[in-house]
Every structure is written in C-alpha cells, then in structure tokens.
Amino acid sequence: MKFFDVGFLHPTNTKNLYRLSFLIIVLYTISLFYNLHLAPLYSEEPRRALVALEMLLNNNFVVTTILNQTFYDHPPLWNIVLAGSIKLFGYNTFALRFPSAFSLLLTGILAFYMGRKYINTKFGILSAFYYLVCADLYFYFSVTAEIDIFYSLLVTLSIFSIFHFYEQKQFYRLFGAAYFFITLAFLTKGFASFAFIIITLGSYLLYKKDLKRLFSWPHIFCALLSAAAVYFYFYIYGSYENLGRYISEMWGLTQQRTLLSDRFDGIVKHLFMFPLNFLGVIFPSTLFLLFIWKKEQIQNIKAQPYLVFLVIAFIANFLVYWVSPGARIRYTYMFFPMVVTVLSYPLFLRLKETNWKHKAYHTLFKVIMAIAALACMVIPFVGYFSILPHLKYTMPLFGLLLVLTLVFHHKTIGYTKHLFVITFIVLCRLVFDHVALPMKALTSSGAAHKSYAEDIYKIIGEDETPLYVFTQEDLRTHIQTPFKLYETASYLEMLRKSIVMNTDQCELPGYYIFNKQNLEGREPLYEFTISKVDLALVKID
C-alpha cells in the first residue's frame, strides 16, 4: 500500500503525477492514429474525400466538385485541410482522417491551457483528459474524415478568445482573434458560424454590463475586416461559378436545421431527446452530475469567472440547437469542452472525499474494467474473430494491461484514481483500434467498394484514358448511379490520381461505368453491384 498511498502515485506527489499524465497523453496520441487507415470509407467520408481529391487534381481550391461537377455545399476550408493532409501523407485514408483526429487532440490541449491558466494545472489536466475521452468524439468521430471536430475547434478558439482577452482588457486582440477564428469557421461551414460570436459576445457582455463594448472601435474594425474577408471570398468564387446559386444552396443548408424545418411533433420530440442525447455522448463526464447538485457546488462554480463564462456561453448557444429540430449532436461538439470543464470542477474540489458518490463512480468503472479484461481474454476463442488470427497472441496482453490498470485503480486514491480511469478508456480505444478497425476492413459493406476500385484499377491502371460515370440524374438525387458509387469513385481517384467524371453523354472515347440497363449491347469489361443496382465498366473507342 505504501507504493500507492504515500509513495510514487500519491496525489500529493505532483511531479510523478505529471509524469504519469505525460505517459497517458503519449498513449492517447498513439490511440488516435493507430490503424486509422484500415476501416473503409463510409457515410459522408467518400463525399469529403472526392471534393478534396478533386481540389488537388483540378488545382482549384475555391470551387468544390464531385465527379468533376460543381457541388454547391459548404465553403472549401475543410476540403483544403484534407487536400493538404493528402499532400503530406499521400493518397490514402490515413491522410483523410488525420485532420479530424489531430483537431480533437488540439482541442484537448486548448481545454488544458485554459483550465490550467484560470483554475490550476491539475484541474487543467483532469478536465482536458475527460474531454478527450468523451465517447462520441473518441470512439466514433475522431476515426472519420468528417468536418465537425475541426469546425468545433475553430468555434471553440473564437469563444475562448473572448474570455481570455477580456480578462486581459486587450480588446483589439479579443475581437481580432474571435472574428479571425469565426471567419475561418464560416469558410468551413457557412453562415451559421457567425451566430456563435454574436450570441457569445452579446450574452457575456450583457452579464458584464458592458454592452457598449459592441459599439467600440475595436469591435467595429474587426467585424468589418471579417465582413471584408467574406466579401472577398464570394467575389473570388463568383469569378469561377454561379454565386447566386451557391449562396442559395449554402443558406438552404442552414435553414434546414432551424425551428421552421419540422412539424410540431418533431419539435416536441427534439426538445425532450436532444439534451438527453447530449448528456449521453459526453460519457463518462455525464456521471459528474452526481457531484454538482448542491448549493455549495453551484456557489463554487460561480466563484470562478472562467466557469461562469463557460456556463453563459454554453446556455446561450445551446438554446439555439435545442429549439432547432434539424440539429444533430455532432453540431454541438464545440460545447463539449465547456460542459466537461464545468462538470469536472465540483468533482475536482471533492477528490479527497470517499462518500457514496465517489464509491459508486469508481465501483462502476471497476466492473467495466473487469468485464473489458475478461472480454479481451475471451475474444480469441470467438469464431467471429477467427479471421484475425493474430488476436490469440495480442488480446491476452491487452487483457493483462486492463487487469493491471484495474489493480492500480483499486489501490490508488483521489486524483490518481481518475488518471487510471482515463488510462483504462485509452486502453479500450487501443483495443478498438486493434480489433474493430481491422474487422471493419474485412467485413463492412464499405470493403466491397474498395475491392471494386482495385479490380477496376487492375483493368485500366493509370491509363490517361478518362473514366466516366454515365448518368442523366442530378448528383444529389441520382438513381441510375447510386450515392454509394462515391465510395468506389473516391478509391479510384486515390489509386489513379485522376478524376472520375460524371457525364450524360457517351460520345467521347474512354472508360465508362454504366447502369447495366443502359449498356445497349456494349460488352462489359467488369460487372459489380451497389445498392442492388447492377453496374458495368465498358470501354468506348
């Protein structure tokens, strides 16, 4: 017991706890990128991939295209980031997913910095760790090439800049940083981005009884600079494409998520379920609600200006999503570091206590740790996993690591105990990377699309002869060539480093992908099926 309670890992041994925290963040970083490339592209990933790939291949970073046809969607910044990652890491799925995972890590570092500066270092570490292991972020979205974590990082930087520079009374920096990051957010996801800065500035300055600051020269100057940047972007876009349609489409995406976009019953269901879903996806921080329902704890939060700001910023902004039935949980990722930080504080102040709340929290994790360790031991004997023969050697090692983590968690106290909860969750992510991602690579429906692309590539190679997709349907609603062809097309563009082009003509020489119903006697070189639609590759000379 001496080793744990009064020695190396005692909560008062700050230096060793910092060393342990450093080892955890190293392990966490490994977990973010280990096997990141394995799972096939799915959901919205192929669309993001095609836009980024075609930016590079067309050398046009203003107008977004899919299958070489203008795609009126979000502004291009996220796709530019993906394109930059492709240039850095190559034409592969790791490059597509790296920016999202790295954005999560950067947001955690930001949460740590703010927590350390305005509370203390230990709190900054603990709250940042609990943000980094939020279930929805850590086990799902950080493994995708989706836009939301990167976008949330930009919005969080803008919101945190407001408090940080207001405390220092540096108002040009305040408005400059807030508008700079929110302008980048606009260039990522469109008009709705500016709502964050309007709502946060308005609510916080109202709380500070300093609304006149909105009419100050620093604010006016920085707002005008942001407006000028937006105008300049639209001016450049208009020199390439139909600006009116682009703005209309972008505004339509924003409007779909508002109160006007659903029926009454949908609104009622959303009002009830949305906050519950939000609390669920920030697990394990959801459990910190156990520690907050006391007047004393509320007063402790009120005593910290940083936490008060986070509460104001969260409530004011979250209300917009709460009353918008089109909103999804992934649109609220920028609120995760705020909520986790606030919920962590009452827990942090009571780490030395051993009441029923702490016992219940840690008992739950002991049970989960034991189940996870047992699962690792059992997995090699389950037939479903036999397609990964190496698991019989590696999973017992993971099981032993989880058992060791359970022992350390049981023997330590207070702050250190929570560090081993974090260690356990990180190890679970490594197990997920080691088992689930290779399984997806072999068994998911998306694996077929990669196989189709590889087979087609073997036939046509890097031949300069163009490859077309023949369809007379609009890209967003096409039936003859189903949406999931995007998955095959994204792999083809990565393999060939040339664009798969959409066309409603078949007069030019080249390779074509047809719906088999439209072959009109042409001899197929390769046949495949996507979403119950039979397709064929042919060559027209």
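**Close-up views of a predicted model**

**View 1. Helix α6 carries a run of buried residues: Lys122, Phe123, Gly124, Ile125, Leu126, Ser127, Ala128, Phe129, Tyr130, Tyr131 and Leu132.** Buried here means under 20% relative accessible area with a 1.4 Å probe and protein chains only, while exposed is over 50% and partly exposed lies in between. The model is predicted, so local features need pLDDT of at least 70 and side-chain atom pairs need 80 or more, whereas totals for chains, interfaces and linings use all residues. Residues are numbered from 1 along each chain as its sequence is written, and side-chain values use heavy atoms, with hydrogens and water left out. Of the 12 residues in α6, 11 are buried, leaving the helix mostly covered. Helices are DSSP runs of H or I with at least four residues, and they are numbered from the N terminus.

**View 2. The surroundings and length of α6 come next.** Its buried residues pack against α2 (14–33), α5 (93–118), α7 (135–139), α16 (336–349), α17 (356–378) and α19 (414–443), where contact means heavy atoms within 4.5 Å. At the start of α6, look for Asn120, whose side-chain oxygen comes within 3.2 Å of the backbone nitrogen of Lys122.

**View 3. Asp433 sits in helix α19.** Asp433 counts as buried because its relative accessibility is 0%. Setting aside neighbours within four places in sequence, its contacts are Ser31, Tyr34, Asn35 and Pro438.

**View 4. Tyr452 belongs to helix α20, residues 446–460.** A relative accessible area of 18% makes Tyr452 buried. Beyond residues up to four places away in sequence, Tyr452 touches Thr488, Tyr526, Phe528, Thr529 and Ile530. Its side chain also reaches the backbone oxygen of Thr529 at 2.9 Å. If you zoom out to Phe181, 271 residues away along the chain, the two C-alpha atoms are separated by 41 Å.

**View 5. One cavity of 30 Å³ or more turns up in a search of the whole structure.** On a 1 Å grid over the protein atoms alone, a cavity is a set of points where a 1.4 Å probe fits but cannot get out; a pocket is an open set with protein on both sides within 12 Å along at least five of seven lines, and lining residues have an atom within 4 Å of a point. The largest cavity holds about 80 Å³, a volume being the space filled by probe spheres set on points joined across faces, edges and corners. Among its lining residues are Arg47, Arg48, Asp73, His74, Trp78 and Thr188. The elements giving two or more residues to this lining are α3 (45–58) and α4 (77–89), and α3 gives the most, with three residues. By class, the lining has five nonpolar, four polar and three charged residues; nonpolar covers Ala, Val, Leu, Ile, Met, Phe, Trp, Tyr, Cys and Pro, charged covers Asp, Glu, Lys and Arg, and the others, Gly among them, are polar.

**View 6. The largest pocket holds about 680 Å³ of space.** Of its 22 lining residues, Val311, Phe314, Ile315, Val342 and Leu343 are the closest to the centre. At least two lining residues each come from α13 (264–281), α14 (295–302), α15 (305–322) and α16, and α15 supplies the largest share, eight residues. How does the lining divide by class? It has 21 nonpolar residues, no polar ones and one charged residue.

Conventions: A polar contact is a pair of N or O atoms within 3.5 Å; within protein, one must be able to donate a hydrogen and the other to accept it, and residues adjacent in sequence count only if both atoms are side-chain atoms.
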